[in-house]
Amino acid sequence: MAVGLIVLSIVSVLVVFGAAQRVLDRMQLSDRAALVIAALIFFGGFIPDIRFGQVAVNLGGAVIPFGVCMWLLLKTDTRKEVVRALAGSVITAAAVYALGRFLPAEPENMVLDPNYTYGIAGGIVAYVLGRSRRAAFICGTLGVILADIAVAVVNWQNGVASTLRLGSAGMMDTVVISGILAVLLAELMGELIERMARPAGQEHPNRETVRVPVRRGGRN
């Protein structure tokens, strides 16, 4: 089984047992919605690609993740977060594209599969740029898809008659790893920062005490 499918299976188990409740709440996703999305990506990856000339699109590896990103963008609280998510996606795509230029031409010469390398790199960059769980997921997922498109466009401009395979041929692993890793890093680092700001023996970080003025004397 591909790594991306294994990651989706693990995430689904965590959702079922409630271990991902806090992350889903931050992303404004219910348990049922998360499980449905994971199932659509999982089983959609086995459906044959939809071809449009030199472009082949996979339902599970590209269409569903892209749709989730668009939905999360609509659910963002501020315009600033939308801009950060979109700008972060472009920068993540540039980072993944640049990484591909420096990796060995032969995958056999690499310690780690290129798709996994792109996914891990994309997830780390997306976390740094996205900051919030939603923005990090968008940057990681959309950034990898944009990087794949950029590679195909450059090939076409150079006269290479290649087919752009969005979400297939191993790219689904990259998309899933990048998006999930970005969210995981955002959650872990967010929890770590909260714990560091929390005084010893106190469950929650310090908050200013709200003092309610008490009126002395009887009723007027």
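## Salt bridges, buried residues and strands

Student: How many salt bridges does the rule give in this structure?

Tutor: The count comes to six salt bridges. The model is a predicted one, and the distances below are computed from its atoms.

Student: What makes the pair of glutamate 187 and arginine 22 a salt bridge?

Tutor: The closest N and O atoms of glutamate 187 and arginine 22 are 3.2 Å apart. The cut-off is a Lys or Arg side-chain nitrogen within 4 Å of an Asp or Glu carboxyl oxygen, so the pair, at 3.2 Å, qualifies. Glutamate 187 belongs to helix H8 (residues 171-197) and arginine 22 to helix H2 (residues 21-26), so the bridge ties together parts that lie 165 residues apart in sequence.

Student: Is glutamate 187 called buried or exposed, and why?

Tutor: Buried: its relative accessible area is 13%, and the limit for that word is under 20%.

Student: Why is arginine 22 called partly exposed?

Tutor: Arginine 22 has 29% relative accessibility. Buried would require under 20% and exposed over 50%, so arginine 22 falls in between and counts as partly exposed.

Student: What makes arginine 22 and glutamate 191 a salt bridge?

Tutor: Their side chains meet at 2.7 Å, N to O, and the rule asks for within 4 Å. With arginine 22 in helix H2 and glutamate 191 in helix H8, the pair ties together parts 169 residues apart in sequence. Glutamate 191 has 18% relative accessibility and counts as buried, because the limit is under 20%.

Student: What about glutamate 81 and arginine 134: what is the N to O distance of their salt bridge?

Tutor: The distance is 3.5 Å, so the pair meets the limit of within 4 Å. Glutamate 81 lies in helix H5 (residues 79-102) and arginine 134 in helix H7 (residues 133-157), so parts 53 residues apart in sequence are tied together. Glutamate 81, at 6% relative accessibility, is buried, and arginine 134 is buried with a relative accessible area of 5%.

Student: Which residues do salt bridges with shared partners join into one network?

Tutor: Arg22, Arg133, Glu187, Glu191 and Arg195 are joined in this way.

Student: How do you know that threonine 92 is buried?

Tutor: Threonine 92 has 0% relative accessibility, and buried means under 20%, so the word applies. The residue lies in helix H5.

Student: Which residues is threonine 92 in contact with, leaving aside its neighbours within four places in sequence?

Tutor: Threonine 92 is in contact with Gly122, Val125, Ala126, Leu129, Cys139 and Gly143.

Student: What makes glycine 122 a buried residue?

Tutor: Its relative accessible area is 0%, against a limit of under 20%. Glycine 122 lies in helix H6 (residues 114-130). Leaving aside neighbours within four places in sequence, glycine 122 is in contact with Thr92, Val96, Gly140 and Ser178. Glycine 122 and alanine 182 are 60 residues apart in sequence, yet their C-alpha atoms are 7.9 Å apart in space.

Student: How do you know that the span of helix H3 is close to the expected one?

Tutor: Helix H3 (residues 31-44) has 14 residues and reaches 19 Å from its first C-alpha to its last. Ala34, Ile37, Ala38, Ile41, Phe42 and Gly44 of H3 are buried. Their cover includes helix H1 (3-16), H2, helix H4 (59-75) and H8.

Student: What makes strands E1 and E2 a pair?

Tutor: E1 and strand E2 (residues 55-57) share three bridges in the antiparallel sense. At least two are needed, so the strands pair. One of the bridges links arginine 51 to alanine 56 in E2.

Student: How many helices and strands does the protein have, and what share of its residues is buried?

Tutor: There are eight helices and three strands, in the pattern α-α-α-β-β-α-α-α-α-β-α along the sequence. Of the 220 residues, 38% count as buried.

Terms used:
Residues are numbered from 1 along each chain as its sequence is written. This is a predicted model: local features need pLDDT of at least 70, side-chain atom pairs count only at pLDDT 80 or more; totals for chains, interfaces and linings use all residues. Side-chain values use heavy atoms; hydrogens and water are left out. Helices (H or I, at least four residues) and strands (E, at least two) are DSSP runs, numbered from the N terminus. Buried means under 20% relative accessible area, exposed over 50%, partly exposed in between (1.4 Å probe, protein chains only). The expected span of a helix is 1.5 Å times one less than its number of residues. Contact means heavy atoms within 4.5 Å.
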